[in-house]
Amino acid sequence: MTTVEPIRNREHLQKLEKYLAQKNLRDLLLFTLGTNCGLRISDIIALNTGDVMNKTYIQIIEKKTGKFKRFPINSKLKPMLDKYTKGKCSKEPLFLTKFHNRMDRFSAYRIIKKAVTAAGLEEKVGTHTMRKTFGYHHYKKYKDIAMLQKIFNHSSPQITLGYIGIDQERIDESYNNFIL
C-alpha cells in the first residue's frame, strides 16, 4: 500500500493553486478548503452550500468519528466561499460534478492527482494529502502537536506526528546529519 504524503514545499502548493485557479473555482475551493481546515474528504464532500454560505464558522459532525467539530473560516477561504456560493441554494451539495451529482471521493482524487501531474510534481498524493498538508504546515508554524492531535481527533501525539510525516522527516534528517 502506498502512503500519501503532505505537500511540504510551499512553492509546490502555489503551483497547484495556480493550476486549479486556471481550471475552475470549484476545484480550487475543494483543494483550498482541504489544505486550510484539515477535514477528511468524506466531510468536505458532505458539505452543503448552506453549511458555509454567509457563515464565519463551519460546524459538522465528522462522518468517521461521529464527533462535533467547529472551526472558523479563515481569511483565504471566506472570499472564495462567498464567490462560489453566491446565488446557490443552501440545500444543494457544495461540490457538484458536471452531471450535478454530489462529488464523491474518487472524483476528488482525480482532481488532485491531475493537478499534481499537470504541475509537474512528484509527491505521492491522494485525498488525504490535503488533510496531511494542513497538519504538516500547522505543525511547522505552531510546533504544537497537542493542538494538532486535538484538531485531528488522534489518540496520541505519535500518531499525529507519523500521520503528517514528521517522524520520517526527523529520521531522514538524523541520517543526513550523522556522519562518522
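Strand S1 (residues 57-61) and strand S2 run antiparallel, joined by five bridges. Strands here are DSSP runs (E, at least two residues), helices likewise (H or I, at least four), numbered from the N terminus. Two strands pair if DSSP finds at least two bridges between them.

A word on the model. It is predicted, so local features need pLDDT of at least 70 and side-chain atom pairs count only at pLDDT 80 or more, while totals for chains, interfaces and linings use all residues. Residues are numbered from 1 along each chain as its sequence is written, and side-chain values use heavy atoms, with hydrogens and water left out.

Back to the hairpin. Six residues separate S1 and S2, and Gly-66 in the turn has a positive phi of about 75 degrees. Side chains alternate along S2. Lys-69 and Phe-71 point to one face and are buried. Buried means under 20% relative accessible area, exposed over 50%, partly exposed in between (1.4 Å probe, protein chains only).

Now Lys-69, in S2. Why does Lys-69 count as buried? Because its relative accessibility is 10%. Ile-60 stands opposite Lys-69. A polar atom of the Lys-69 side chain lies 2.4 Å from the backbone oxygen of Ile-151. Leaving aside neighbours within four places in sequence, Lys-69 is in contact (heavy atoms within 4.5 Å) with Leu-39, Ile-58, Gln-59, Ile-60, Glu-62 and Ile-151.

Next, the pockets. Rolling a probe the size of a water molecule over the atoms shows where empty space is left. The grid is 1 Å, over the protein atoms alone; a pocket is an open set of points where a 1.4 Å probe fits, with protein on both sides within 12 Å along at least five of seven lines, and lining residues have an atom within 4 Å of a point. A volume is the space filled by probe spheres set on the points, which are joined across faces, edges and corners.

The largest pocket has a volume of about 730 Å³. Of its 26 lining residues, Thr-35, Asn-36, Cys-37, Asn-74 and Phe-134 are the closest to the centre. Elements giving two or more residues to this lining are helix H1 (10-23), helix H2 (25-37), strand S2 (68-72), helix H6 (128-142) and helix H7 (145-152). H6 gives the largest share, six residues. The lining of the largest pocket divides into ten nonpolar, eight polar and eight charged residues. For those classes, Ala, Val, Leu, Ile, Met, Phe, Trp, Tyr, Cys and Pro count as nonpolar, Asp, Glu, Lys and Arg as charged, and the others, Gly among them, as polar.

The second largest pocket has a volume of about 190 Å³. Its lining has 13 residues, and Glu-5, Pro-6, Arg-8, Gly-165 and Gln-168 are the closest to its centre. Helix H8 (157-163) and helix H9 (166-177) each supply at least two lining residues. H9 has the largest share, three.

His-154 sits between H7 and H8. His-154 is buried, at 16% relative accessible area. Its side chain makes a polar contact of 2.9 Å with that of Thr-160; the term covers N or O atoms within 3.5 Å, one able to donate a hydrogen and the other to accept it within protein, and residues adjacent in sequence count only if both atoms are side-chain atoms.

Gly-126 lies in the loop between helix H5 (105-118) and H6. Gly-126 is buried, at 6%. Beyond four places in sequence, Gly-126 touches Val-4, Tyr-109 and Ile-112.
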